[in-house]
Amino acid sequence: MSDRVIGRLKNLSASFLFLKSHNHKSRNRSILMPIQQITIVGTGLIGGSFALALRKRKFKGRIVGCDREPALKRAKTGGVIDDGFVKPAEAVRGSQLVMLATPVLAIVDLIGQLGSILPADALLTDVGSTKTAVTEQALSVFGKNAGKRFLGGHPMAGKESSGVEFADADLFQNAVWFLTPVAGQNLQKGLFAEFAGWIDQIGARVAMLPPDEHDRLCAWISQLPQMISTALAAALVEEFGEEAPLLSTGGRALREMTRISASPYSMWRDIAISNKKNLEDALLKVEQRLAHIRENLATRQLAEEFELAHGLKKTAGSGK
């Protein structure tokens, strides 16, 4: 991980405080252009949780959902949305903020669909787990106006279960919400500041990274753990079968390491495709590390690996 990325991560708290302070001022001015309607395209776990979080923090505007009919019915029944539409073009009418909360490749497609029909003063954002492909599409669609029309985002929150029925108003509490602005984008005014203010209000901490740095970082801190968990769970099933009482006999460590292996492939497929190079690099380096451990189970080098690994806990615990 580059020193520049580590430095940005160490300064998350400072960045959050700056945005929080600014957004407080911005919300005082926002009477001139408040967000009165939000459209969420994809009313699943993340989109549904964002809607519930807004409601819990007294958002007084209208929340419109866009999804398949069965999903919209569940979202309405659960009080997640006020109204719903199957067609994105109908769902975005009258909204000042449009959030794309679908798998990554669908987000790329939706930017292409919506770019020409969104009102010029609406802000388009997303919650995709990879950002380079999404940002490139936004730059292609909006051109020189991309900095006024689009803001990429990725909340570092989720569950191994998907669907609006698992939506949680507190899902984003203390989570980092990455924003990946394009060059020259001013996040201190208008809808940008108001949106960042709502991220603050629902309990998340704003951090900013360029799209390419975001994708490299998340390959390590989010996507690699998923692949390791999936590989471990698949190996256990192949070795012992599905019916073996592994989780009850393996204890807490095994349960924690395999919990996210229940995550749906439908979500992770797009992440793996859109961030293939970074994820391949991370997997290769861990494979090499595992091979080194396997080859040194009876040598002092195993102890050195443990000592090196303990450094991560010390850094995390120190708050540095």
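Six elements each supply at least two residues of the lining of the second largest pocket in this predicted model: α3, α4 (69-77), α6 (104-114), β6 (150-155), α10 (211-240) and α12 (265-274). The space in this pocket comes to about 1,200 Å³. Its lining has 46 residues, and those closest to the centre are Leu-45, Ile-46, Ala-101, Ser-162 and Met-267. By residue type, the lining of the second largest pocket divides into 24 nonpolar, 16 polar and six charged residues.

Next comes strand β1, which covers residues 37-41. This strand is mostly covered, with five of its five residues buried. Gln-37, Thr-39 and Val-41 point one way from β1, while Ile-38 and Ile-40 point the other way.

β1 pairs with β2 in the parallel sense over five bridges. Ile-40 has Gly-65 as its bridge partner in β2. Between these two strands the chain passes through α3, and this β-α-β crossover is right-handed. β1 also pairs in the parallel sense with strand β4 (residues 97-100), here over four bridges. On that side, Thr-39 has Val-98 as its bridge partner in β4.

Strands β7 (residues 176-180) and β8 (residues 205-208) run parallel and are joined by four bridges. Val-176 stands opposite Arg-205 in β8. The chain goes from β7 to β8 through helix α9 (residues 190-201), and this β-α-β crossover is right-handed.

A search of the whole structure finds five aromatic pairs. A pair of aromatic rings is described by the distance of the centres and the angle of the planes. Two of the pairs are set out below.

| Pair | Centre to centre | Angle between planes | Type |
|---|---|---|---|
| Phe-59 and Trp-198 | 5.5 Å | 85° | edge-to-face |
| Phe-172 and Trp-177 | 5.3 Å | 50° | tilted |

Notes. Residues are numbered from 1 along each chain as its sequence is written. This is a predicted model: local features need pLDDT of at least 70, side-chain atom pairs count only at pLDDT 80 or more; totals for chains, interfaces and linings use all residues. Side-chain values use heavy atoms; hydrogens and water are left out. Two strands pair if DSSP finds at least two bridges between them. A crossover is right-handed if, with the strands pointing away from the viewer, the path from the first strand over the helix to the second runs clockwise. Rings of Phe, Tyr and Trp (its six-membered ring) pair if their centres lie within 6.5 Å; planes under 30 degrees apart count as stacked, over 60 as edge-to-face and the rest as tilted. On a 1 Å grid over the protein atoms alone, a cavity is a set of points where a 1.4 Å probe fits but cannot get out, and a pocket is an open set with protein on both sides within 12 Å along at least five of seven lines; lining residues have an atom within 4 Å of a point. Grid points are joined across faces, edges and corners, and a volume is the space filled by probe spheres set on the points. Ala, Val, Leu, Ile, Met, Phe, Trp, Tyr, Cys and Pro count as nonpolar, Asp, Glu, Lys and Arg as charged, and the others, Gly among them, as polar. Buried means under 20% relative accessible area, exposed over 50%, partly exposed in between (1.4 Å probe, protein chains only).
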